[in-house]
Structure formats: C-alpha cells, structure tokens
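Here is my note on the model you sent.

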Amino acid sequence: MSTFDTNITRAARLMHSSHYTVAFTGAGISVESGIPPFRGGDGLWDKVDPSFLEIDYFYQQPEKSWKVIREIFYQYLGKARPNIAHCVLARLEENNLLHALITQNIDNLHQQAGNQDVIEFHGTTGRLICTRCGQTIGESDKINHLIEILPPRCPECGGLLKPDFVFFSEMIPESARDRSFAAARKASVFIIIGTSGEVFPAAMLPTNAKRAGATVIEVNTEPSSYTHQVTDIFLQGKASTVLETLEQALNSNNQVS
Ligand code: NAD
C-alpha cells in the first residue's frame, strides 16, 4: 500500500468515528472550476488593482469599483461551476459525515453544489446588500439585472448596493467569525482543503481546532504553512481526486462496519 493509500484509509476511519467533522476550504478547491488561486495560478489577481477592493475606495468611487467587480467576479468568475470536490463535500454533509463547512471563498460554489449551511468567512458574491437599509438580494437573475447599470441601487430604498463579501480593510462578519471559531473548537476532525494559510484571521482556525483536540487532515497539491505545523495527515493531490478517493474509502468503510 502507498503512503497516500494508507493515509486515505486512516482519514476515512477517523471521519467515520468522528462526532463532529469540519471542512475549511480556500481558493485551491475552486481551481478545478477554473478560478485561479491568489498565489501561483495564472496571475489573474495580479491584474486586479487591490485598491478597487478597498472599502473606503468603494464608498468614494462606487461606479469605478463596481466596474472592476462586475467584470472579474460576475462576468468572468460567475461562469464557474462546482467541481467534484465541491460535490463530494455536499454529499458528505447529506450523509452526516460532515457537520460544518467553513469557506474563505466568495465564489458561491459550495452553495451551488448543495451544501445547506455554508459558513462564509469572507462573505459571498452570491448576495448583494444595501448599504443603507441592509436588505439582501440573493437571486442570481435579480443580481444580474441590478448590476446592468452601475452602481446598482437598492430596489426598496435606492441606497448603494454592495457585494456581500469582505472588502480589504473591512471587518469579518461577526456571526461567521464566531460560528467558525466555535466549530473549530468543537471539531474532532478538521479538514483543511486548498488554502495556503496566509490570510488572517481565517488562518488561525486550524491551529485553534488542533489546540482544542482535533485531528487535522490537509488536502493540497503542495505543502502549505500548515503542513509541518498543525497537519496530522497530509493528503497530497488535487482536491477533486483526493476527495473522491476519500469518499470511496468512506463508502467501503461503511459497508464493512
Ligand atoms: P491561496 O491562493 O493563498 O492558496 C491556494 C492554495 O490552494 C495553495 O496552497 C495551493 O497549493 C492550493 N491548491 C492549488 N490548486 C489546488 C487544487 N487543485 N487542489 C487542492 N489545492 C490546491 O488561497 P487562500 O489560502 O484561500 O487565500 C486567498 C484569499 O483570497 C482567501 O480569502 C480566498 O477566499 C480569496 N480567494 C478566493 C477565491 C475564490 O473565491 N474562489 C479565489 C482566489 C482568492
């Protein structure tokens, strides 16, 4: 048996006996959906001037900021669809083998794959929020219609609409932050998938889970800042291949037990 196969079997056994399993995902899980990660990848993010995504700039120049946001996040990345890795996580949740899913991604692909309760650490492009009355709009048809004219305005009060994701210099939404750290503390198994661990405070979640007693499983194509610090079982490979293999191991484990 290869080290990879041995580790898959260990991971499946642990997940089977775990009473609370948490998955924590980053940009790497969406690479196979055609969305490049921040680091490495095809350099898409090098072309985006980060100042357009600064919260102060957004309020000062909403039309200019929205032009970039619409092009990158809605017209270009909006075409992406969930890949096998997203779909495996949705099935694990359905089969009660995954109890919480925390994502740093804003691409809405876990939600599209069918996960019912995604903790959106950095928010999502899948919702607009009115900066005046707080109303949210989540239907993609309505969003696409509203962003035809920039900057989009709230249908209720005429206030400026903002994508409901976290801009640079903006706070992490309190409820997502509190739920994420609570889930990390409760986890018996904590699975990190496709994240470099360089964006804070999200990057503190695996360490918190480990300190509270979780076994940490990591899925990544290459070692990350977690691999030699907190990871107990490193499953090296593309998220879709590894998660599909893990699901098969869980299913065969199920038949045996
Ligand atoms: P990152 O770009 O810093 O790191 C991506 C990680 O994924 C790397 O460790 C890389 O080795 C790994 N990876 C690449 N391809 C993979 C694959 N096929 N399978 C498994 N792993 C793979 O991303 P981050 O740590 O998530 O931090 C970047 C920040 O920017 C986060 O806040 C993130 O949400 C945001 N972001 C989001 C998206 C998105 O919504 N899809 C895309 C880019 C960045």
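1. What share of the contacts with a separation of 6 or more comes from residues 24 or more positions apart? In this predicted model, the figure for the protein chain is 68%.

2. Overall build. The protein chain holds 9 helices and 9 strands. Its radius of gyration is 19 Å, close to the 18 Å that the globule rule gives for 257 residues, so the chain is as compact as a globular protein of that length. The C-alpha trace spans about 60 × 35 × 30 Å along its principal axes.

3. Surface and interior. Of the 257 residues, 50% are buried. The accessible surface comes to about 12500 Å². Carbon and sulfur atoms account for 49% of that surface.

4. The largest nonpolar core. This core has 28 residues. Trp66, Ile69, Phe73, Tyr74 and Leu128 have the most contacts inside it. Two or more residues each come from α2 (55-60), α3 (62-76), β4 (123-130), α6 (140-146) and β6 (161-165). Helix α3 gives the largest share, 6 residues. Where does this core sit relative to the domains? Domain 1 (1-35 + 82-122 + 172-257) and domain 2 (39-79 + 125-165) both give residues to the core, so it lies between them.

5. Setting aside neighbours within four places in sequence, Phe73 is in contact with Trp45, Leu53, Val68, Gly78, Ile106, Thr125 and Phe165. Another core, of 27 residues, lies apart from the largest one. Met15, Leu92, Leu98 and Ile217 are among its members. As a general point, nonpolar side chains tend to be buried together in soluble globular proteins.

6. Phe181. Look for this residue in helix α7 (residues 174-186). Is Phe181 buried or exposed? Its relative accessibility is 13%, so it counts as buried; the cut-off is under 20%. Beyond neighbours within four places in sequence, Phe181 is in contact with Phe121, Pro201, Met204, Leu205 and Asn208. Pro62 is 119 residues from Phe181 in sequence and 33 Å away in space, C-alpha to C-alpha.

7. Thr231. This residue lies in the loop between β8 (215-220) and β9 (233-236). Thr231 is buried because its relative accessible area is 14%, and the limit is under 20%. Which side chain makes a polar contact with the side chain of Thr231? That partner is Glu218, at 2.8 Å. Leaving out neighbours within four places in sequence, Thr231 is in contact with Ile192, Val216, Glu218 and Tyr226.

Conventions. Residues numbered from 1 in each chain as written. Predicted model: local features only at pLDDT ≥ 70, side-chain atom pairs only at ≥ 80, totals over all residues. Heavy atoms only, no water. Helix = DSSP H or I, 4+ residues; strand = E, 2+ residues; numbered from the N terminus. Buried < 20%, exposed > 50% of the residue type's maximum accessible area, 1.4 Å probe, protein only. Contact = heavy atoms within 4.5 Å. Polar contact = N/O pair within 3.5 Å; in protein donor to acceptor, adjacent residues only side chain to side chain. Core = buried A, V, L, I, M, F, W, Y, C linked by side-chain atoms within 4.5 Å. Domains from an automatic or database assignment. Rg over C-alpha atoms; globule rule 2.2 N^0.38 Å. Areas by Shrake-Rupley, 256 points an atom, 1.4 Å probe, with all protein chains shown as cover.
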